[in-house]
Amino acid sequence: MLRLRNVDAGYGALTVLRRVSLHVNPGEIVTIVGANGAGKTTLLRTVAGLVRARGGELVFAGAAVTRLRTERIVALGCSLVPEGRQVFAPMEVRENLLLGAHVQYARGRKDEVARDLERVYGLFPVLAQRARQLAGTLSGGEQQMLAIGRALMARPKLVMLDEPSMGLAPLVVKDIFGIVKRISEEGTTVLLVEQNARSALQIATRGYVLETGRIVLQGTAEELLSNRDVQRAYLGSDLDAENRVAT
Amino acid sequence: MQLELVLQYLVAGLTYGTIYAVVGVGFNIIYNTTGIINFAQGEFVMLGGMTAVTLHRFVPLPLAIAGAVAVTMAAGALVEATCIRWLEKPSVLRMIIITIGVSILIRELALVSWGESVRALPYFTGNEVSSLTLGGVHVSPQVLWSLATCVLIVVFLWFFFQHTSLGRQMRACAANRDAAALCGIATKNLVTLSFVLSAGIGALAGCVVSPITYTAYNIGTGLAIKGFTVAILGGLGSSMGAVGAGFLVGVLEAFSVSLMPAAYKDAISVAVLLAILFLRPSGLFGSGAAARLKTA
């Protein structure tokens with residue numbers, strides 16, 4: 001579905017990603033874990049074409065997308081739910097969702113939009129209740145749901161989520177992860193970037209560990225969850241304490 | 001002051017207010033999609049009026065106006081394509097300086113091609129002396145043409161932005177450009193469209209008011225300052241605010257003539273601009289809450 005080969009990217013004089021290679025197979029939930037500033041957001045923005053890759057190659061659904069503009073990549077079926085939600089604050093919830101369906105109109109699939117809208121309202125009943133409210137007046141969790149719903153309106157093959165749990169209450173976080181799982185079960189491939197590595201790995205099929213712009217580890221979700229380095233660095237396990245108990 | 005005189009000043013103020021309002025609205029359209037103030041906005045008004053006068057030598061008035069609007073729209077697209085489009089994330093200051101440069105360029109080109117003479121289109125109906133009497137006030141029919149055009153432009157823009165897919169895309173682009181691109185919207189084309197749109201309405205207004213206010217190669221700068229005042233006064237980004245502020249500034253100027261020498265007329269709008277910038281930068285009609293939502 002998606003393949004990155006030796007991708008370099010950055011801003012100005014700053015190089016953030018160094019020779020990153022990874023792939024996402026159809027139907028998978030792949031997660032990228034890493035500390036703040038490791039380059040997780042830059043990685044997703046590079047795939048979406050918001051940041052230009054300086055080297056390497058990006059292939060999505062069999063097409064080379066390295067040099068394509070964002071709107072073309074989205075039209076191919078690769079949607080990003082950006083960090084910090086980025087809803088259209090001064091516009092109604094419903095308008096936000098219809099804007100998400102822009103590529104569907106462009107594909108001439110206008111008749112599917114109404115059904116997709118019902119599907120999103122089904123996933124997020126709260127959005128149906130707030131359909132006429134301005135997006136900027138929603139709570140953080142509701143805005144995150146709207147951002148995900150907006151991306152789904154494009155009928156993507158792959159949806160990339162950037163820190164969907166950031167700044168949300170634990171119960172809402174649980175909801176969001178449940179929704180991500182459901183989206184995957186309904187047939188959309190997911191690439192998930194999360195600080196909350198444990199929750200992400202629990203729903204993921206595979207994962208990559210990104211450290212200062214490089215992929216340092218990869219494996220199935222179970223492998224990563226049981227890896228001692230990952231546990232120490234990203235899952236908050238206090239291994240020293242465990243060792244003391246053992247001896 | 002007698003009531004008739006007050007009303008007479010009011011009508012004069014509304015006439016000038018029309019063009020200020022339309023220039024202010026033009027500023028807003030481009031500001032909303034790009035975040036820049038296009039100081040060549042006044043030149044679009046000039047270009048519209050001057051082109052229409054030239055075309056009117058060969059074709060009937062309605063055709064001349066339609067032609068002038070089309071030519072100015074093309075000029076707007078050309079300005080965007082040559083000066084704005086290829087810049088990758090330029091700073092606001094750089095964009096402003098570019099538009100000032102463009103306005104100087106257009107003005108000089110107009111001087112070379114049309115010379116310094118002052119021109120005007122003929123009155124659409126009647127002539128210089130014909131007037132309608134409304135409530136004891138003499139109103140030139142051209143004033144009614146101007147007001148009607150202004151209303152038409154505002155209604156058209158309202159419908160366009162609220163009820164068409166393209167208008168909705170432009171509002172999305174204004175609210176969050178990256179997010180608009182992530183919806184698959186071709187944001188660069190919308191920036192071009194915003195230049196075309198504001199050039200078009202500027203040109204239309206330039207044609208309609210030219211019989212009363214006259215037009216010459218150098219009217220753009222003054223209009224840009226007035227239009228900018230109006231856009232700020234009405235709350236940057238708000239078209240309805242700009243229309244209200246346009247009429248307010250026009251009326252203020254008209255009444256100032258009765259109290260002060262006419263030479264101070266332009267100083268009034270600059271004084272208003274400074275006062276607003278010092279006292280209420282969000283504008284008279286701009287609400288703080290809306291501004292926060294915008295930047296959120």
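Reader: Which residue in strand 8 of chain A does A:L158 stand opposite?

Author: This is a predicted model, in which local features need pLDDT of at least 70 and side-chain atom pairs count only at pLDDT 80 or more, while totals for chains, interfaces and linings use all residues. Residues are numbered from 1 along each chain as its sequence is written, and chains are lettered from A and ligands numbered from 1 in the order in which they are written. Strand 7 and strand 8 (residues 189-194) of chain A run parallel, paired over five bridges (two strands pair if DSSP finds at least two bridges between them; strands are DSSP runs of E with at least two residues, helices runs of H or I with at least four, numbered from the N terminus). Within this pair, the residue opposite A:L158 is A:T189.

Reader: How many residues of strand 7 of chain A are buried?

Author: On one side of strand 7 of chain A, A:L158, A:M160 and A:D162 are buried, and on the other so are A:V159 and A:L161 (buried means 20 or more other C-beta atoms, placed from the backbone, within 10 Å of a residue's own). Side chains in a regular strand alternate between the two faces of the sheet. Strand 7 (residues 158-162) of chain A is largely enclosed by the rest of the structure, because the number of its residues that are buried is five of the five.

Reader: Which strands of chain A stand at the edges of the six-stranded sheet, each with a single partner strand?

Author: This open sheet of chain A has mixed pairing and the order 6-7-8-3-9-10. One side of each edge strand is left without a neighbour in the sheet, because each has a single partner; these are strand 6 and strand 10 (214-220) of chain A.

Reader: And in strand 8 of chain A, what is the bridge partner of A:V30?

Author: Strand 3 (residues 29-33) of chain A runs parallel to strand 8 of chain A and is joined to it by five bridges. There, the partner of A:V30 is A:L191.

Reader: At about what angle do helix 3 and helix 7 of chain A pack?

Author: Two packed helices are described by the angle between their axes and the distance between the axes. For helix 3 (residues 93-100) and helix 7 (residues 140-152) of chain A, the axes are 7 Å apart (axes are lines fitted to C-alpha atoms over the stretch in contact, with angles from 0 to 180 degrees between N-to-C directions). The angle at which these two helices of chain A pack is about 35 degrees.

Reader: Finally, which helix gives the largest share of the side of chain A that touches chain B?

Author: The contact takes 24 residues from chain A and 17 residues from chain B (residues are in contact if their C-beta atoms, placed from the backbone, lie within 7 Å). On the chain A side, two or more residues come from each of helix 2 (70-76), strand 6, helix 3 and helix 4 (102-106). The largest share, four residues, belongs to helix 2 of chain A.

Notes. A residue is buried if 20 or more other C-beta atoms lie within 10 Å of its own, exposed if 12 or fewer, and partly exposed in between; C-beta atoms are placed from the backbone. Two residues are in contact if their C-beta atoms, placed from the backbone, lie within 7 Å.
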